Amino acid sequence: MIDVSLIKPKCKLLKPKVLFFDEVTSTNEVAWKHLSAENAQNNVVVIADVQSKGKGRFSRTWYSPSGENLYLSILLNISIPLDRIHLITAIGALAALDTVAENTASGKACIVFPNDVHINGKKISGVLAECKLISGNPDAFVLGIGVNVNTIKFPSEIVSLATSLKLLENKPFELEKIATTLLERIDHYYSC
């Protein structure tokens, strides 16, 4: 289980409020619940121990076992032009890439455009950015990121496609440290 009190990112622009849930359908879905026209809460971060219906692109599910990996979504209550919304996915992918690269020496991590991070040919992280049109423009985003941290056994249908930091480095990782690094890297790219 994640101890939210240990997640203390040093952020210049984002000042995230971190919320932890034992189980959710999807961290993206929970993050959206913190957006309302009267009381929009920016930079709410939702982290869960388990997702029963973790979401990926094209309605794929994200394998989300308990206590092993990082499932995180952040609400960004910002308005940007339609021709720049792809940058939200890029922020998440770059942040995930940096987080993985900073925690492994067992291969070169790369972005598989537009939203996956692979290392040694296997997926280790995925990003899902969603937006809502409020004033006719994209006025709010949820940036969801899953990072395979401590999983050592994947389901048979993805075992040849997925990896984790623990499999790469042969040691467990603290989910709080991975979350802190990820939020700091999101802040870095968001500030650019």
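Biologist: Let's start with helix α2, residues 86–102: what distance should the 17 residues span, and how far apart are the end C-alpha atoms?

Modeller: Keep in mind that this is a predicted model. Helix α2 has 17 residues, and at 1.5 Å a residue these should span 24 Å. The end C-alpha atoms agree with that, because they too are 24 Å apart.

Biologist: Which residues of α2 are buried?

Modeller: Buried here means under 20% relative accessible area. By that cut-off, the buried residues of α2 are Ile88, Thr89, Ile91, Gly92, Ala93, Ala95, Ala96, Leu97, Asp98, Thr99 and Val100.

Biologist: Okay, zooming out: in what order do the helices and strands of the chain run?

Modeller: The chain has four helices and seven strands. Read from the N terminus on, the elements run β-α-β-β-α-β-β-β-β-α-α.

Biologist: And how much of the chain counts as buried?

Modeller: There are 192 residues in the chain. Looking at contacts between residues at least 6 apart in sequence, 67% join residues at least 24 apart. As for burial, the share of residues that count as buried is 49%.

Biologist: Now Thr27: is that residue buried or exposed?

Modeller: Thr27 is found in helix α1, residues 27–32. Its relative accessible area is 3%, and the cut-off for burial is under 20%. Therefore Thr27 is buried.

Biologist: Which side chain does the side chain of Thr27 join in a polar contact of 2.6 Å?

Modeller: Leave aside the neighbours within four places in sequence, and Thr27 is in contact with Val46, Ile47, Ala48, Gln51, Tyr71, Leu72 and Ser73. The polar contact of 2.6 Å joins the side chain of Thr27 to that of Ser73.

Biologist: What about cysteines: how many disulfides are there?

Modeller: A disulfide is a covalent bond between the sulfur atoms of two cysteines. Cys11 is buried, with a relative accessible area of 9%, while Cys110 is partly exposed at 37%. To count, two cysteine sulfur atoms would have to lie within 2.5 Å. By this rule, the number of disulfides is zero.

Biologist: Which residue lies over the face of Trp32?

Modeller: A search of the whole structure finds zero aromatic pairs. There is a charge over the ring of Trp32, though, at 4.6 Å from the ring centre. The residue is Lys132.

Biologist: Next, Lys123: which side chain does its side chain make a polar contact with?

Modeller: Lys123 lies in strand β6, residues 122–133, and counts as partly exposed at 24% relative accessibility. The polar contact of the Lys123 side chain, at 3.1 Å, is with the side chain of Asp116.

Biologist: Where is the cis peptide bond that involves Pro114?

Modeller: Pro114 lies in the loop between β4 (109–112) and β5 (116–119). Omega of the bond is about 0°. This cis bond joins Phe113 and Pro114.

Biologist: Last one: what is the phi of Asn170?

Modeller: Asn170 sits in the loop between α3 (165–169) and α4 (175–191), and counts as exposed at 71% relative accessibility. Asn120, in the loop between β5 and β6, has a positive phi near 55° without being a glycine. Asn170 is not a glycine either, and its phi is positive, at about 60°.

Notes:
Residues are numbered from 1 along each chain as its sequence is written. This is a predicted model: local features need pLDDT of at least 70, side-chain atom pairs count only at pLDDT 80 or more; totals for chains, interfaces and linings use all residues. Side-chain values use heavy atoms; hydrogens and water are left out. Helices (H or I, at least four residues) and strands (E, at least two) are DSSP runs, numbered from the N terminus. The expected span of a helix is 1.5 Å times one less than its number of residues. Buried means under 20% relative accessible area, exposed over 50%, partly exposed in between (1.4 Å probe, protein chains only). A polar contact is a pair of N or O atoms within 3.5 Å; within protein, one must be able to donate a hydrogen and the other to accept it, and residues adjacent in sequence count only if both atoms are side-chain atoms. Contact means heavy atoms within 4.5 Å. Rings of Phe, Tyr and Trp (its six-membered ring) pair if their centres lie within 6.5 Å; planes under 30 degrees apart count as stacked, over 60 as edge-to-face and the rest as tilted. A charge sits over a ring if NZ of Lys or CZ of Arg is within 6 Å of the ring centre and within 35 degrees of the ring normal.
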